[in-house]
Amino acid sequence: MAKLTTDELLEQFADLTLVELSEFVKAFEEKFDVTAAAPVAVAGAGGGAAAEEVEEKDSFDVILEAAGDKKIQVIKTVRELTSLGLGEAKAVVDGAPKAVLEGANKEAAEKAKAALEEAGATVTLK
């Protein structure tokens, strides 16, 4: 098997959907026992560090916990909130708990949560 260059790998990743890329990252982390999360630097020393971590978040993940009784409506809502196709949106709903949006601002995350809950889903923000 020929070794791929960095540019060739990036071209392959460019063709993946966000859901597929997320699944790849999880598989990569498990295979190599690493984490792709960026390290968080905590300013301050001693007891003051914990207080600084309580700053209000500006980035939220919208997690679909369960589709509920109206699965088709939830799939439609997931499609409206994302650029996913029907099959991909169905996979997200069937694979719950699953992230629908990642790194969304507070307003967008709350709107997405409200829309999904209106469709009958159980949703959490992280």
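Helices and strands here are DSSP runs, helices of at least four residues and strands of at least two, numbered from the N terminus. The model is predicted.

**Whole chain.** Start with the protein chain in cartoon view. Its secondary structure comes to 6 helices and 3 strands, and along the sequence these follow the pattern α-α-α-β-α-α-β-α-β. Switch to a surface: the chain exposes about 9100 Å², and carbon and sulfur atoms supply 55% of that area. Of its 126 residues, 22% count as buried. Among contacts with a separation of 6 or more, 64% join residues 24 or more positions apart.

**Helices H4 and H6.** Next select residues 71-81, which form H4, and residues 106-118, which form H6. Two packed helices are described by the angle between their axes and the distance between the axes. In this pair the axes come within 9 Å and cross at roughly 160 degrees. Because angles over 145 degrees count as roughly antiparallel, H4 is roughly antiparallel to H6. The crossing of H4 past H6 is right-handed.

Now show side chains at the contact. From H4, pick Val74, Thr77, Val78 and Leu81; they meet Ala112, Ala115 and Leu116 of H6. The residues of this contact divide into 6 nonpolar, 1 polar and no charged.

**Gly95.** Move to the loop between helix H5 (86-94) and strand S2 (98-104), and select Gly95 there. Is Gly95 buried, exposed or partly exposed? Its relative accessibility is 31%, so Gly95 counts as partly exposed.

Methods. Residues numbered from 1 in each chain as written. Predicted model: local features only at pLDDT ≥ 70, side-chain atom pairs only at ≥ 80, totals over all residues. Heavy atoms only, no water. Buried < 20%, exposed > 50% of the residue type's maximum accessible area, 1.4 Å probe, protein only. Axes fitted to C-alpha atoms, helices over the stretch in contact; angles between N-to-C directions. Parallel < 35°, antiparallel > 145°, perpendicular 65-115°, else oblique. Left-handed = near helix turned anticlockwise from the far one by under 90°. Contact = heavy atoms within 4.5 Å. Nonpolar A, V, L, I, M, F, W, Y, C, P; charged D, E, K, R; others polar. Areas by Shrake-Rupley, 256 points an atom, 1.4 Å probe, with all protein chains shown as cover.
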